[in-house]
Structures are given as C-alpha cells and as structure tokens.
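Reader: I'm new to reading protein structures. Could you show me the model and walk me through its features step by step?

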Amino acid sequence: EPGTKQSDTDILNQLALSYQGRNHTGDHLLAIETYEKCIALKPVKFEPMVNLGVLYTETNMIEKAKSIYDQALLLAPKSPVLLNNVAHLYLTADDDSGDGKYLKAYNLSSLAFQLMPDHHAIKTTYQRALVGMGDYYFKLKNFTNALGWYYKAPRIQAALPDVLEKIIKTH
C-alpha cells in the first residue's frame with residue numbers, strides 16, 4: 001500500500017540496488033546512504049542488510065560488512081544466501097587467524113549448502129571453504145588432514161584446477 005513504511009522500505013531498497021548497479025561517481029555512496037535509511041525505517045527487514053553487506057564487501061569495508069551481516073543473521077539465521085555471503089566474506093577477508101576464518105566459512109557454507117544444495121554460488125563458496133581448510137592443514141604440514149579436505153571439494157562440483165594440483169602435491 002502506498003505511504004506505508006513497508007512500501008517505503010521496498011522503494012528505498014530498490015533505489016539503493018539501482019545505485020549499486022551503476023558505475024557513476026558517487027553511486028556507491030548513494031547506495032550506502034539509501035540502504036541505511038531503509039534499515040532505519042524498518043530494522044527488522046534483513047534483505048536491505050544483506051544488500052548493504054554485499055556493497056560494504058565490494059567497497060572493502062570489511063568490518064562494516066561483518067557488523068551488518070551479524071545484524072541480519074539475528075533476523076534470518078537460516079537464510080542460505082545470507083549464510084553464503086558471510087562465509088564468502090570470511091574466505092576473502094585478509095586475516096591471519098589460523099583456521100578460524102576457514103572453520104567459520106566452512107560451518108556457514110555447509111549450512112547454506114544443506115539448505116540450498118543446487119545453488120551455484122553456494123556450492124562454490126562451500127567448495128572454497130573445504131579447500132581453505134585443506135590449505136590450513138597443508139601449511140601445518142599435516143598432509144593427511146589437508147588431503148581429506150581437498151578430496152571433499154570435487155564432490156560438491158567439478159574441481160577447479162588448483163584443487164587438483166593441491167591433491168597431487170599432498171601425495
């Protein structure tokens with residue numbers, strides 16, 4: 001219905017998405033401001049939070065992305081797309097916390113995969129998390145564990161060439 005806060009938030013979310021999709025100077029800033037207004041109007045709607053998290057990630061505002069994704073997870077803890085986005089964020093974050101980021105990415109992407117096993121992006125993130133766990137154990141020279149993780153990756157979807165090379169290196 002026109003004039004309701006629901007329709008206002010839907011309109012703002014769509015406007016922000018259009019800003020986000022353009023490549024004009026200042027559009028990402030406009031998208032961020034618009035998402036923030038949308039969330040302020042209706043803080044129980046997680047879709048704008050997910051979209052804002054994507055934009056924060058794309059613009060390398062990693063801490064802000066983590067924060068907004070944490071808020072969204074409170075509202076929709078079983079959203080496969082949200083779980084996948086958070087897992088992807090952990091995989092791409094420049095952080096040297098040992099297996100912590102890979103384990104978080106694995107747990108989140110595993111749940112997303114269970115909820116939506118045929119979604120290509122979810123399968124790819126899940127596969128990358130498995131490879132990340134393998135990489136962690138490979139660095140520790142624990143080749144048995146590394147190989148176990150590497151072998152799981154091709155079972156999700158066709159293995160990328162780098163996965164096959166890693167399997168060969170552990171033999």
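Author: Let's begin with the surface of this predicted model. The protein exposes about 9500 Å², and carbon and sulfur atoms supply 57% of that area.

Reader: How much of the protein is buried?

Author: Of its 171 residues, 43% count as buried. The C-alpha atoms fill a box of roughly 65 × 30 × 25 Å along the principal axes.

Reader: And how many helices and strands are there?

Author: The protein has nine helices and zero strands. Reading from the N terminus, the elements run α-α-α-α-α-α-α-α-α.

Reader: Which residues of α3 are buried?

Author: They are Pro-48, Met-49, Val-50, Asn-51, Leu-52, Gly-53, Leu-55 and Tyr-56. Two of these, Pro-48 and Asn-51, are touched by Asn-13.

Reader: Where is Asn-13, and is Asn-13 buried or exposed?

Author: Asn-13 is found in helix α1, residues 5–21. With a relative accessible area of 8%, Asn-13 is buried, because buried means under 20%. Leaving out residues up to four places away in sequence, Asn-13 touches Tyr-35, Cys-38, Pro-48 and Asn-51.

Reader: How do I read a nonpolar core?

Author: Look for buried nonpolar residues joined through their side chains. The largest core here has 45 residues. Leu-52, Leu-82, Val-86, Tyr-106 and Leu-130 have the most contacts inside that core. You have already met Leu-52 among the buried residues of α3. As for Val-86, its contacts beyond neighbours within four places in sequence are Tyr-69, Leu-73 and Leu-108.

Reader: What share of contacts join residues at least 24 apart?

Author: Among contacts between residues at least 6 apart in sequence, the share is 48%. Met-133 is found in helix α7 and is buried, with a relative accessible area of 2%.

Reader: Now for charges. Why can two charged side chains pair?

Author: Side chains of opposite charge can pair when their charged atoms come close. A search of the whole structure finds three salt bridges. In one of them, Asp-10 pairs with Lys-45, and the closest N and O atoms are 2.7 Å apart. Asp-10 lies in helix α1 and Lys-45 in the loop between α2 and α3, so this pair ties together parts that are 35 residues apart in sequence. Asp-10 is partly exposed at 32% relative accessible area, whereas Lys-45 counts as buried at 13%.

Reader: What about the salt bridge of Asp-27?

Author: Asp-27 pairs with Arg-22, and the closest N and O atoms are 2.9 Å apart. Asp-27 counts as buried at 2% relative accessibility, while Arg-22 is partly exposed at 39%.

Reader: And where are Lys-66 and Glu-63 in helix α4?

Author: Lys-66 and Glu-63 are three residues apart in helix α4, so about one helical turn separates them. Their side chains meet in a salt bridge at 3.9 Å, N to O. Glu-63 is exposed, with a relative accessible area of 57%, because exposed means over 50%.

Notes. Residues are numbered from 1 along each chain as its sequence is written. This is a predicted model: local features need pLDDT of at least 70, side-chain atom pairs count only at pLDDT 80 or more; totals for chains, interfaces and linings use all residues. Side-chain values use heavy atoms; hydrogens and water are left out. A nonpolar core is a set of buried Ala, Val, Leu, Ile, Met, Phe, Trp, Tyr and Cys residues joined through side-chain atoms within 4.5 Å. Buried means under 20% relative accessible area, exposed over 50%, partly exposed in between (1.4 Å probe, protein chains only). Contact means heavy atoms within 4.5 Å. Helices (H or I, at least four residues) and strands (E, at least two) are DSSP runs, numbered from the N terminus. A salt bridge is a side-chain nitrogen of Lys or Arg within 4 Å of a carboxyl oxygen of Asp or Glu. Accessible areas come from the Shrake-Rupley method with a 1.4 Å probe; for residues, only the protein chains shown count as cover.
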